[in-house]
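Thanks for taking a look at this one with me. Here are a few notes to read alongside the picture.

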Amino acid sequence: PTEENELDKIVLEIDTEKLYPVSIEMINRNKSSNKIQVSSYKEGMNHPKNIFVFDKKLYPQTEIIDLR
């Protein structure tokens, strides 16, 4: 959404047996939507910690809000 109030709801579909995400759908107030289908889900992956770090140098104009 381009405006703060455009997003109406987010629908998260979960496989109730495995407790895995199946899909995530974002629905806007104008009824347009975007849906992400999860085609695979892997547990126990060992990724380096820096894979989840945002590199501020690549995007110097970006405002970063850290809610930790």
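Which residue in β2 does Lys 9 stand opposite? Lys 9 stands opposite Ile 27.

Before the details, please keep in mind that this is a predicted model, in which local features need pLDDT of at least 70, side-chain atom pairs count only at pLDDT 80 or more, and totals for chains, interfaces and linings use all residues. Residues are numbered from 1 along each chain as its sequence is written, and side-chain values use heavy atoms, with hydrogens and water left out.

1. **The sheet.** Three strands form an open sheet in the order β1-β2-β3, with antiparallel pairing. The edges are taken by β1 (7–15) and β3 (33–37), each with a single partner strand, so one side of each has no neighbour in the sheet. From one strand to the next, the twist averages 10°, an angle between N-to-C directions on a scale from 0 to 180 degrees, with axes fitted as lines to C-alpha atoms. Strands here are DSSP runs (E, at least two residues), numbered from the N terminus.

2. **How the strands pair.** Two strands count as paired if DSSP finds at least two bridges between them. β1 and β2 are joined by eight bridges in the antiparallel sense, while β2 and β3, also antiparallel, share five. In the second pair, Ser 23 faces Gln 37 in β3.

3. **A buried charge.** Do look at Glu 25, which sits in strand β2 (residues 20–28). Glu 25 is buried but has no salt bridge, and the nearest side chain of opposite charge, Lys 35, is 4.5 Å away. Buried means under 20% relative accessible area and exposed over 50%, with partly exposed in between (1.4 Å probe, protein chains only). A salt bridge needs a side-chain nitrogen of Lys or Arg within 4 Å of a carboxyl oxygen of Asp or Glu.

4. **What surrounds Glu 25.** The side chains of Glu 25 and Ser 33 make a polar contact of 3.3 Å (a pair of N or O atoms within 3.5 Å, one able to donate a hydrogen and the other to accept it). Leaving aside residues up to four places away in sequence, Glu 25 touches Lys 9, Ile 10, Val 11, Ser 33, Asn 34 and Lys 35, with contact meaning heavy atoms within 4.5 Å.

5. **Two loop residues.** Most residues other than glycine have a negative phi. Leu 19, in the loop between β1 and β2, has a positive phi of about 60°, and Leu 19 is exposed at 64% relative accessible area. Lys 31, in the loop between β2 and β3, has a positive phi near 75°.

Definitions and conventions. Helices (H or I, at least four residues) and strands (E, at least two) are DSSP runs, numbered from the N terminus. Lys and Arg count as positive and Asp and Glu as negative; His and the chain ends are not counted.
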